[in-house]
Amino acid sequence: MSAASGIEDAIQMLEGRWKLVILFHLFGGKKLRFSDLERAIPAISQKMLIQQLRQLEQDGIVARIVHAQVPPKVEYHLTDWGQSLCPALDELLTWAEKRPTPKRQRRSPKSQ
């Protein structure tokens with residue numbers, strides 16, 4: 001497997017508008033109920049939150065715990081493998097914060 005296809009696979013697991021936001025809310029060993037995630041991410045629809053959580057669960061990044069009680073209590077948390085993503089995402093944030101200020105486009109002498 002080439003590095004390009006490896007990174008493509010990794011990005012595919014994390015692509016989606018809300019996956020990284022969900023992960024940031026779960027970092028640090030937090031266990032959150034579905035309703036907690038809904039409140040933490042008010043712009044996400046319930047349908048989209050369900051889809052993104054299911055995909056993260058299928059990829060082994062997030063685990064779902066269903067407690068046998070009435071009404072049902074469902075909690076989500078990062079797997080050990082999902083938690084190991086934290087340093088990489090911290091590095092990505094650090095990289096983004098170091099973005100140089102975009103240079104203003106220079107006017108050509110003819111337009112002055």
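Helix H1 (3–14) and helix H5 (80–83) each contribute at least two residues to the lining of the largest pocket. H1 is the main contributor, giving 5 residues. The model is predicted. H1 also packs against helix H2 (residues 19–26).

**Largest pocket**
- The largest pocket holds about 210 Å³ of space.
- Its lining consists of Ile7, Ala10, Ile11, Met13, Leu14, Glu15, Ile61, Trp81, Gly82 and Leu85.
- By class, the lining has 8 nonpolar residues, 1 polar and 1 charged.

**Packing of H1 and H2**
- The axes of H1 and H2 lie 8 Å apart, at an angle of about 75 degrees.
- The two helices are therefore roughly perpendicular to each other, since angles of 65 to 115 degrees fall in that class.
- On the H1 side, Gln12, Met13 and Leu14 make the contact.
- On the H2 side, Lys19, Leu20 and Leu23 make the contact.
- The residues of this contact divide into 4 nonpolar, 1 polar and 1 charged.
- Met13 and Leu14 of H1 take part in the contact with H2, and Met13 and Leu14 also line the largest pocket.

**Histidine 77**
- Histidine 77 sits in strand S3 (residues 73–78).
- Histidine 77 counts as buried because its relative accessibility is 18%, and buried means under 20%.
- Beyond its neighbours within four places in sequence, histidine 77 is in contact with Leu26, Lys30, Lys31, Ile61, Val62, Ala63 and Ile65.
- Ile61, one of these contacts, is also in the lining of the largest pocket.

Key: Residues numbered from 1 in each chain as written. Predicted model: local features only at pLDDT ≥ 70, side-chain atom pairs only at ≥ 80, totals over all residues. Heavy atoms only, no water. Helix = DSSP H or I, 4+ residues; strand = E, 2+ residues; numbered from the N terminus. Buried < 20%, exposed > 50% of the residue type's maximum accessible area, 1.4 Å probe, protein only. Contact = heavy atoms within 4.5 Å. 1 Å grid on protein atoms, 1.4 Å probe; cavity = no way out; pocket = protein on both sides within 12 Å on 5 of 7 lines; lining within 4 Å. Points joined across faces, edges and corners; volume = space filled by probe spheres on them. Nonpolar A, V, L, I, M, F, W, Y, C, P; charged D, E, K, R; others polar. Axes fitted to C-alpha atoms, helices over the stretch in contact; angles between N-to-C directions. Parallel < 35°, antiparallel > 145°, perpendicular 65-115°, else oblique.
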